[in-house]
Amino acid sequence: MPSTSRSRIREEVRRLDELSDQLRRGRIGRRSFLSLASGMSAAALLTACGADSGSGKKTVPFYTTENDPQSLAFYKMVIEKFEKAHPGVKVKITLYQDENQLQYLQTAMQTGNDIGVFAPPAANILDWAEKRYLLPLTDLVKDIGEDDFLAGTRIRVKGQDYAMPFQAGASVLYYRKDLLDAAGLRPPRTYQDFLDAVTELDGKDGVDGISSGASNTPGMTTQFLAPYVYQSGWDYYGADGEVLFGKPEVLEGVKRHVAIMRHARKGAYNTNYPDLMNTYISGRAAFATMAGRLGVNLAKQNPKIAENTGVIAVPAGPFHTGKLAYGGKNQYSVYARTKHRAEAIAFLKALTTGANALAFSLTVPGHLLPPLKSVTARLRAEIPKSEDAYLKKHGDWVATIMDLVPDAMSPDLSMGSVHDHTYDGRLSNPCPWAGKAWAPPPADGAMIQDILIRGTDPEKAWQDAVAKLEKAAEEWKSAHPDWKPSV
């Protein structure tokens, strides 16, 4: 590393220490600390967060893929508060990449490397719990209060909790108010409104009808397709693992999604999230389906487009139109072989509850939404009185997304929530074979790409996807004959 870079990092670390001292002394608040610290480099923040544990310290390892300065500033703040409240304990943060997350964690578990508190892929939690790689967190959940968790956010295996949720979210529809107004169109309330608007605006002045995509990345296509499945009155799987994706109404939902996707640029048929966000942020799309991070990036990078943007639910079908959405959730677990279990669980609680959980939700408002009702209530109360520039201008976006979160689901964690044109609430029912059903190339992703890229007949591509989903379930069930769903 060049000496100038080292000098810059040392200076940032020194400044970070000053800010931390001001925070401890009450001279600045949490929001000011996060705002000031987030402007520093990730290297400086990581240096500050990952200092040597020191002689005689109990070290709690903390592994995360979140490497943006805002997240690292938040982690530093929480770690310092925790270490002050727990003398003799040190939290050591380690970063790894999303691209090798699964391989990294599996290798660590197989070799016995202490990964302490970490964020596991939801699809692997059941398998890792059964292999006793994860520490039961049922007592922590009870200590927090079981009624405080939003429905469908807990992950239970044989009556035990093995994950502590730290983020809930919902994918919504961003739309250009100025373009709709110029065309004499209103924000879509029905699927036909949506399709008509996307069709009308596609190609005008070089603007795509929508920025939405497909990919071999597990879960990406699901985010965009799931609302069309749910709003057809069905799910991917039933609560007992029956494949519901094969229902005729789901095929109609697939066709509705494809009709919308034909108004996206062809490059979006095999793309990534940054490209999709940049398409809308740069003003090259009339609509975009995405979670809350798009709004934050849009307001920062293109305020003019942000001023002309509205946010609504995706009207994807005839069943509970616009009310059922895709919603991803993230969670932390504790490695069963971690050296200091009590300290790790105490840190996990500090990280995910109370004022710290509220501060985390405010690092990316609308994207990192709380899974705890108590924190959700605090966030709602914060929006109208906040001095944060984003919340003052776009608090309505955040409120819209928050309203959708309780009914925003993912088929890997809420299997069978929608069935037989019935929806009684989001279930907490993990799909044990999710790792196979959505392994690259995922069944739904391959289906959409077959239709849009290769020109495969939609019904044929859908039948192939149904067969893949059935095979994943049958193989897993045959290997686990005693399996019972969580609900």
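Is Tyr104 buried, partly exposed or exposed? At 28% relative accessibility, Tyr104 counts as partly exposed, where buried means under 20% relative accessible area, exposed over 50% and partly exposed in between, computed with a 1.4 Å probe on protein chains only. Please keep in mind that this is a predicted model, in which local features need pLDDT of at least 70, side-chain atom pairs count only at pLDDT 80 or more, and totals for chains, interfaces and linings use all residues. Residues are numbered from 1 along each chain as its sequence is written, and side-chain values use heavy atoms, with hydrogens and water left out.

**Aromatic rings**

- A search of the whole structure finds 23 aromatic pairs; rings of Phe, Tyr and Trp (its six-membered ring) pair if their centres lie within 6.5 Å, and planes under 30 degrees apart count as stacked, over 60 as edge-to-face and the rest as tilted.
- One of these pairs is Phe74 with Tyr75, which is tilted because the planes stand at 55°, with the ring centres 5.7 Å apart.
- Phe74 is buried at a relative accessible area of 1%, and Tyr75 is buried with a value of 1%.
- Tyr96 and Tyr104 make a stacked pair, with 4.8 Å from centre to centre and 5° between the planes.
- Tyr96 is buried, its relative accessible area being 4%.
- Phe74 and Tyr75 also belong to one aromatic cluster, together with Phe62, Phe82, Phe166, Tyr332, Phe347 and Phe360.

**The sheet**

- An open sheet is built from 5 strands in the order E2-E1-E3-E12-E6, with mixed pairing; helices (H or I, at least four residues) and strands (E, at least two) are DSSP runs numbered from the N terminus, and two strands pair if DSSP finds at least two bridges between them.
- Strand E2 (89-95) and strand E6 (164-168) stand at the edges with a single partner strand each, so one side of each has no neighbour in the sheet.
- Strands of a sheet pair through backbone hydrogen bonds, either parallel or antiparallel.
- The pairing of strand E3 (residues 117-118) with strand E12 (residues 329-334) is antiparallel, over 2 bridges, and Val117 stands opposite Val334 in E12.

**Charged side chains**

- There are 17 salt bridges in the structure, each a side-chain nitrogen of Lys or Arg within 4 Å of a carboxyl oxygen of Asp or Glu.
- Lys76 bridges to Glu80, with 2.4 Å between the closest N and O atoms; both residues lie in helix H4 (residues 69-85), 4 residues apart, or about one turn of the helix.
- Lys76 and Glu80 are both buried.
- Asp178 forms a salt bridge with Arg176, the closest N and O atoms lying 2.9 Å apart; Asp178 is partly exposed at 25% relative accessibility, whereas Arg176 is buried at 7%.
- A network of salt bridges links Glu146, Arg154, Arg156 and Asp161.

- Asp412 sits in the loop between strand E13 (408-409) and strand E14 (418-419).
- Asp412 is buried but has no salt bridge, and Lys329, the nearest side chain of opposite charge, is 6.4 Å away; here Lys and Arg count as positive and Asp and Glu as negative, while His and the chain ends are not counted.
- The side chains of Asp412 and Ser410 make a polar contact at 2.7 Å (a pair of N or O atoms within 3.5 Å; within protein, one must be able to donate a hydrogen and the other to accept it, and residues adjacent in sequence count only if both atoms are side-chain atoms).
- Leaving aside residues up to four places away in sequence, Asp412 touches Ala122, Asn429, Pro430, Cys431, Ala434 and Trp438, contact meaning heavy atoms within 4.5 Å.

**Backbone features**

- Most residues other than glycine have a negative phi, and most peptide bonds are trans.
- The peptide bond from Pro440 to Pro441 is cis, with omega near -5°, and Pro441 lies in the loop between helix H19 (434-437) and helix H20 (443-452).
- Arg132 is not a glycine, yet has a positive phi of about 65°; Arg132 counts as exposed at 68% relative accessibility.
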